[in-house]
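User: Could you take a close look at one part of this chain for me? I would like to follow a single residue first and then see what surrounds it.

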Amino acid sequence: MHPVFKITANNIDITQIVTDRVLSITVTDEAGVDSDTLSVVLDDRDNHIKLPTQGAEIAIELGIGDRKVDKGLYIVDEVILSGQPDELELRCKAADMRASLKERKTRSFDNVTLGDLLRSIASQHGLQAAISEQFTQIQLTHIDQTNEHDLHLVTRLAKQYDAVGKIASGRLIFTTKGEANSASGQPLPITRLTKQDVSEYTVTMADRGKYKSAKAFWHDHTTAQRQIVTIGGGEPALTLRHIYDGEQAAQRAAKAKLDAMTRGLATGSLSIPGTHKALSILAESKIELVGFRTGVNGEWIVTRSEVNLSSAGLIVNVEFESPKK
């Protein structure tokens with residue numbers, strides 16, 4: 001079966017118009033806020049293609065045979081003209097990367113839960129908040145946003161709590177990193193891949209797990225003394241430099257850092273000739289490799305998924321890491 005696609009521009013189906021001009025279509029999904037991107041490269045041989053305006057909406061579907069998978073809605077961010085031969089490339093970002101999220105703000109938040117803060121940000125930008133329960137009641141004594149846009153603030157908070165902060169499908173998603181769970185706490189689907197499904201693969205064993213514990217300092221306002229908390233056990237221990245305002249904040253920071261250091265002890269990548277199964281693989285979902293060898297077989301967390309349609313066919317490239325232990 002041959003690859004197929006559907007392109008809609010500002011709600012108008014232009015598939016037939018561009019079918020013989022499409023050189024490549026690439027959809028990339030990465031874990032994190034700046035995740036989904038789209039690139040469409042067109043043959044501009046006669047320079048008759050009408051240049052799209054920045055902000056135009058592009059919807060894309062990709063598939064095999066008579067079945068297509070919706071790969072999302074995107075906003076044209078850049079138009080690149082090149083030659084020889086003459087080509088036109090549309091570089092697009094996920095539709096949810098709206099301009100209001102990038103407006104810089106200076107403000108402070110006091111005595112607010114992380115859940116309430118994220119819900120407030122989501123509401124300000126017309127997004128639905130989807131937050132894992134474990135983050136909703138975390139108490140923030142004080143947090144400053146200084147000449148910083150809301151998108152960066154979400155990213156900073158996600159890094160602090162070893163979470164995934166992501167804008168997708170009209171939602172602000174804040175969920176646990178490395179566990180392949182949705183914001184509701186339910187496990188994401190697992191895609192099972194055999195050696196026969198894959199055209200090539202690489203797995204790298206890294207020595208990132210040398211730390212057995214993490215320590216963080218916090219300020220005790222009652223005694224005016226600096227205290228220390230330890231997460232994990234054994235040596236060597238990683239010590240965080242920042243002094244936290246409270247024991248719980250120090251514990252969360254130490255745990256997040258230790259989780260980040262012990263996750264991804266092995267990383268890998270693979271390429272899959274386009275199938276409907278491969279098209280369903282998204283960042284933060286889980287894949288299970290079967291029939292390879294010890295060190296490769298098992299469950300992995302997807303960190304990046306790229307779908308590319310070109311004259312070579314439909315190829316899905318996946319990057320992954322070992323899950324949180």
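Analyst: D77 sits in strand β6, and in this predicted model that aspartate is partly exposed, with a relative accessibility of 32%. Leaving aside residues up to four places away in sequence, the contacts of D77 are Q54, R91, C92 and K93.

The side chain of R91 pairs with that of E78, at 3.7 Å from N to O. Because E78 belongs to strand β6 and R91 to strand β7 (residues 87-94), this pair ties together parts that are 13 residues apart in sequence. Both partners are partly exposed, E78 at 36% relative accessibility and R91 at 39%.

K93, another residue touched by D77, is also a contact of D36. D36 is placed in the loop between β3 and β4 (37-43). With a relative accessibility of 19%, D36 counts as buried, because the cut-off for that class is under 20%. Beyond its sequence neighbours up to four places away, D36 touches T28, D29, Y74, K93, A94 and K166.

Now let us step back to the domains. The assignment divides the chain into domain 1 (3-94), domain 2 (99-168), domain 3 (190-207 + 265-321) and domain 4 (213-262). The centres of domain 1 and domain 3, taken over C-alpha atoms, lie 24 Å apart. Where the two meet, 18 residues of domain 1 are in contact with 18 residues of domain 3. The size of an interface is often given as the accessible area lost when the parts come together. Between domain 1 and domain 3 the buried area is about 1500 Å², and carbon and sulfur atoms give 59% of that area.

What kinds of residue make up the side of domain 1 that touches domain 3? Strand β6 is among the elements that give two or more residues to that side, together with β1 (3-9), β3 (22-30) and β5 (57-64). The largest share comes from β3, with eight residues. By class, that side has ten nonpolar, four polar and four charged residues. As for links across this interface, seven residue pairs are in polar contact, and the count of salt bridges is zero.

Elsewhere, the salt bridges reach a count of 13. D46 and R21 form one of them through their side chains, at 2.8 Å from N to O. D46 is in the loop between β4 and β5, and R21 is in the loop between α1 (15-18) and β3, so this pair ties together parts that are 25 residues apart in sequence. D46 is partly exposed at 31% relative accessibility, whereas R21 is buried at 11%.

K105 and D150 give another such pair, also 2.8 Å from N to O. K105 lies in strand β8 (residues 104-113) and D150 in helix α4 (residues 150-160), so the two tie together parts that are 45 residues apart in sequence. D150 is buried, at 0% relative accessibility. Shared partners also join D20, D43 and R45 into one salt-bridge network.

One last stop is K286, in strand β19 (residues 286-290). K286 is buried at 16% relative accessible area, and its side chain makes a polar contact of 3.2 Å with the side chain of E299.

Methods:
Residues are numbered from 1 along each chain as its sequence is written. This is a predicted model: local features need pLDDT of at least 70, side-chain atom pairs count only at pLDDT 80 or more; totals for chains, interfaces and linings use all residues. Side-chain values use heavy atoms; hydrogens and water are left out. Domain bounds come from an automatic or database domain assignment. Contact means heavy atoms within 4.5 Å. Buried area is the accessible area (1.4 Å probe) that two parts lose on being put together, summed over both. A salt bridge is a side-chain nitrogen of Lys or Arg within 4 Å of a carboxyl oxygen of Asp or Glu. A polar contact is a pair of N or O atoms within 3.5 Å; within protein, one must be able to donate a hydrogen and the other to accept it, and residues adjacent in sequence count only if both atoms are side-chain atoms. Helices (H or I, at least four residues) and strands (E, at least two) are DSSP runs, numbered from the N terminus. Ala, Val, Leu, Ile, Met, Phe, Trp, Tyr, Cys and Pro count as nonpolar, Asp, Glu, Lys and Arg as charged, and the others, Gly among them, as polar. Buried means under 20% relative accessible area, exposed over 50%, partly exposed in between (1.4 Å probe, protein chains only).
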